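Please view the sequence and the model first, and then read the notes by topic.

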Amino acid sequence: MDDLPKDAPILFLSNHQNALMDILLIATRCKRKPWFLTRADVFNNEIFRPLFKFLQMLPVFRIRDGRANVPKNKGIFEKCGQLLDQGEAILVFPEANHSLKRRVRPLSKGFTRIIDTAIHRNANLELTLVPIGQNYQSPQQAGDRATLYFGKPITVQPFKGEHGLAGKIKKAVFEELKQLTTHIEGDNYENVLSELEDAGLDFTQPRRVNMYIKNKHLEKALKETKSNNTVARFLFKMNNLPLVFLWNVGVRPRVPEPEFEATFRFGFALVVYPMAYFLVLILLSYFYDLKTAGLWVMGHAVFNLILVKLFGITSSHQRR
């Protein structure tokens, strides 16, 4: 990532497992400020539209959004071509949908249409494609760990003039993505996944997991260290029991899709924890002085932070 130009056009192409969390993870690790192509239905909420605009999100229409809306994508692709011609960066999820399955799904042609539009605007455009592999250990559990891998940049110019350009670019990106995340091929998916989970493999190390799948050979060094994670999760739940109960009973059952669970959990923590700490601070100040109440609240927050960071509940890194 460090050697990528800061003012050149870049198309980031990521696998898509975990709804909004995928975008947030990239946003925190990417040194560029990319535009994000996002499913159009999230723009139906007028309240959040200004926020989406601030975050540089652009709507992409799918067939499920109504066939009459799909032609609107032409204007979005034209906008993307213009942005790339101006040296901007854009993030696209070329699988065109999200899924918790540990495999790279067939890529749609949408991102190749963006490339074609950009090259049509400027035949000499030095456009670079950067595949990104996102990997979650336990995306539906509190205390998940994640890694982000930026793959080898792919320049578009060498593909120009070749027959079947779109297909060749899709293949190059697909093959790179398969190296950057766990990829379980074939119809025997559930059995292979069960074997990997029983072996205790660390899914945040996709190259090693894929090597295990290929060679059917268990390396002890690949096993996840479960003891610390188990202890940390238990302590976290005990330290936050009322809020854990509120999440499990009041919020979690209302999550529409499994892929959105981590996103809802993130939003829950972002909104509820500050409110809870404020209420506890007010309550304790009736029995103790404000300084003591503040130290208790701060101590509770720091202990949570230690559980999250020190025990590896949540971590992310990038590797070229």
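**Salt bridges and helix packing**

Arginine 252 forms a salt bridge with glutamate 261, with 3.0 Å between the closest N and O atoms; a salt bridge is a side-chain nitrogen of Lys or Arg within 4 Å of a carboxyl oxygen of Asp or Glu. This is a predicted model, in which local features need pLDDT of at least 70 and side-chain atom pairs count only at pLDDT 80 or more, while totals for chains, interfaces and linings use all residues. Residues are numbered from 1 along each chain as its sequence is written, and side-chain values use heavy atoms, leaving out hydrogens and water.

**Salt bridges**

- Seven salt bridges are found in a search of the whole structure.
- Arginine 252 is partly exposed, at a relative accessible area of 36%, whereas glutamate 261 is buried at 7% (buried means under 20% relative accessible area, exposed over 50%, partly exposed in between, with a 1.4 Å probe and protein chains only).
- Glutamate 261 also meets arginine 265 in a salt bridge (4.0 Å, N to O), and both of these residues are buried.
- Arginine 265 and glutamate 261 are about one helical turn apart because they lie four residues apart in helix α10 (helices are DSSP runs of H or I with at least four residues, strands are runs of E with at least two, and both are numbered from the N terminus).
- Glutamate 175 forms a salt bridge with lysine 178, with the closest N and O atoms 3.4 Å apart.
- Glu175, Lys178 and Glu185 are linked in a network of salt bridges.

**Helix α3**

- The 13 residues of helix α3 (residues 73-85) should span 18 Å at 1.5 Å a residue, and the end C-alpha atoms are 18 Å apart, which agrees; the expected span is 1.5 Å times one less than the number of residues.
- The buried residues of α3 are in contact with β1 (10-14), β2 (35-39), β3 (57-60), β4 (89-92) and α4 (110-121), where contact means heavy atoms within 4.5 Å.

**Helices α1 and α10**

- The axes of helix α1 (residues 20-29) and helix α10 (residues 261-285) come within 7 Å and cross at roughly 65°; axes are lines fitted to C-alpha atoms, for helices over the stretch in contact, and angles run from 0 to 180 degrees between N-to-C directions.
- Leu20, Met21 and Leu24 of α1 make this contact with Ala262, Thr263 and Phe266 of α10.
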